[in-house]
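Open the model in a viewer and keep the sequence panel beside it. The stops below are meant to be selected in turn.

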Amino acid sequence: MNRRIIPIGPYHPLQEEPEFFKLIVEGEKVIDIEINIGYNHRGHEFLSPSLTYDQIPFLVERICGICSNSHPLAFVLAVEDMAHIKVPERALYIRTIIHELERIHSHLLWLGLAGHFIGYNTVWMWAWRYREPVLDLFEMITGNRNHYAMNKIGGVRRDIDPGQITQIEKVLNFVEEKIAMLTKAVLDDPVLHARLKNVGVLPKEAAISYGVVGPTARASGVVIDVRKDDPHCAYDKVVWDVIVEEAGDIFAKAKVRLLECFESIKIIRQCLKNLPDTPIETRIEELPPGEGIGRAEAPRGEVFHYVRGDGSHHPVRHKVRAPSYMNLPSNEVTVKGYTIADAALCLAAIDPCYCCTERVSAFEDGKLKYTWNDLLILSWKKTEKIRARYRK
């Protein structure tokens, strides 16, 4: 049987960073994959030492537009670790609220994309419709729907007033009801069970071996979450659960993300109820020489920042590790053996960071074989076949 190569990326709507995958296929079956990264070198680690400590959170929140709180949070945690800075309690609670609102809107974004790709455009529309009020909350609290600029060394830049608390609670009630409806629709749908279960499976042993993080790990039965393992912000002051599934397939990943939204809502409500009456920042005049690390649980998993300073107003070294970097190699396991119709969805199941252009085509003997739309149609046709089976 002829082997063909189907390129996906470097820019693709379901791959949220520039990543290039070569699928080696025989017929409809993917037999191997080649992963190439490094297309998006933006020089953050190079730029960081040229900026002051106070400027860097604005730089690193642009590493990812979707989880733009995670990187500045990890950075300020690293500097506070280096300088042994105690952050006021109210700031810790506000950081937690912003971080969990970000998790909700990020998970809904992924759910919408996944729904579109398998031909469930209603799920796409619903998920993105219910994400909007969460983005409106960011605009109300921070002035921006993305790039919130909330974190600063020693605390947060903005407070949350009583009127905003009322509005946040109102939106949480609305979003909770709608996510419950979405969750029931997804978990009860036999077509989605047939379409997503036992597809793109990452066994627990492979998850540990590849060192994956976040929902990718938790969907494979690995109980790992920085919020529990290395408590920061107010996560050790509220009651919540780590969501873990055992199957390791795409359905498990979707279920983990949906159920995590409810945990986020639970965390935010407790933070709003128990918001301490303290200042929102510790004033920092000088930073000593030293080094520190910051870890935050982004929607996609652990974000890690390392900072080394020499006592000046600039770091001399700043190292960043994003969760997609850890999760990407596991595609070597999750894609092989499945069909072309499943391949792009398997790659997207880790929720890699977003870059919203597409470029994909496959050639055989000098002739165009597949375009991106062809892959999309293949995926939709597979869903339709399953739907037809359940209609009988």
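**Starting at the surface**

Select N198, which is exposed, with a relative accessible area of 60%; exposed means over 50%, buried under 20% and partly exposed in between, using a 1.4 Å probe and protein chains only. N198 sits in the loop between α7 and α8 (204–210). Helices (H or I, at least four residues) and strands (E, at least two) are DSSP runs, numbered from the N terminus. Although N198 is not a glycine, its phi is positive, at about 60°. Most residues other than glycine have a negative phi.

Before going on, note that this is a predicted model, in which local features need pLDDT of at least 70, side-chain atom pairs count only at pLDDT 80 or more, and totals for chains, interfaces and linings use all residues. Residues are numbered from 1 along each chain as its sequence is written, and side-chain values use heavy atoms, with hydrogens and water left out.

**Colour by confidence**

Colour the chain by pLDDT, the predictor's confidence in each residue, from 0 to 100. The chain averages 89, and 92% of the residues score at least 70. Residues 354–359 stay under 50, and the model has 21 contacts for them beyond four places in sequence. Contact here means heavy atoms within 4.5 Å.

Next select A149, in the loop between α5 and β4 (151–152). A149 has a positive phi near 55° and is a residue other than glycine. Is A149 buried or exposed? At 10% relative accessibility, A149 counts as buried.

**A nonpolar patch**

Show the surface and select M125, W126 and M181, which make a nonpolar patch of about 280 Å². Patches are made of residues with over 30% relative accessible area and no salt bridge; like charges are joined within 9 Å, and nonpolar side chains (Val, Leu, Ile, Met, Phe, Trp, Tyr) within 5 Å. The areas come from the Shrake-Rupley method with a 1.4 Å probe, and for residues only the protein chains shown count as cover. W126 belongs to helix α5 (residues 121–142) and is partly exposed, at 32% relative accessible area.

**Into the core**

Hide the surface and select L23, F75 and L101. Which residues touch the most other members of the largest nonpolar core? Among its 100 residues, they are L23, F75 and L101. Helix α4 (residues 89–117) gives the most to this core, with 13 residues. A nonpolar core is a set of buried Ala, Val, Leu, Ile, Met, Phe, Trp, Tyr and Cys residues joined through side-chain atoms within 4.5 Å. Leaving aside neighbours within four places in sequence, L101 is in contact with V134, L137, F138, I141, L172 and I268. A second, separate core has 6 residues, including L202, A207, A217 and V222.

**Enclosed helix and buried residues**

Select helix α14 (residues 340–348): 9 of its 9 residues are buried, so the helix is largely enclosed by the rest of the structure. L196, in helix α7 (residues 190–196), is buried at 7% relative accessible area. Setting aside neighbours within four places in sequence, the contacts of L196 are I118, D249, I250, F251 and L345. S70 is in helix α3 (residues 70–83) and counts as buried at 0% relative accessibility. With neighbours within four places again left aside, S70 is in contact with H99, E102, A296, A298, P299 and V303.

**Salt bridges**

The whole structure has 27 salt bridges, each a side-chain nitrogen of Lys or Arg within 4 Å of a carboxyl oxygen of Asp or Glu. Select R218, which is buried at 0% relative accessible area. R218 forms a salt bridge with D225, with the closest N and O atoms 3.4 Å apart; D225 is buried too, at 1%. R218 also meets E297 in a salt bridge (2.9 Å, N to O). R218 lies in helix α9 (residues 214–218) and E297 in strand β6 (residues 289–298), so the pair ties together parts 79 residues apart in sequence.

Finish with K266 and D241, whose side chains meet in a salt bridge (3.8 Å, N to O). K266 is in helix α11 (residues 250–273) and D241 in the loop between α10 (226–229) and α11, 25 residues apart. K266 is partly exposed at 30%, and D241 is partly exposed at 45%.
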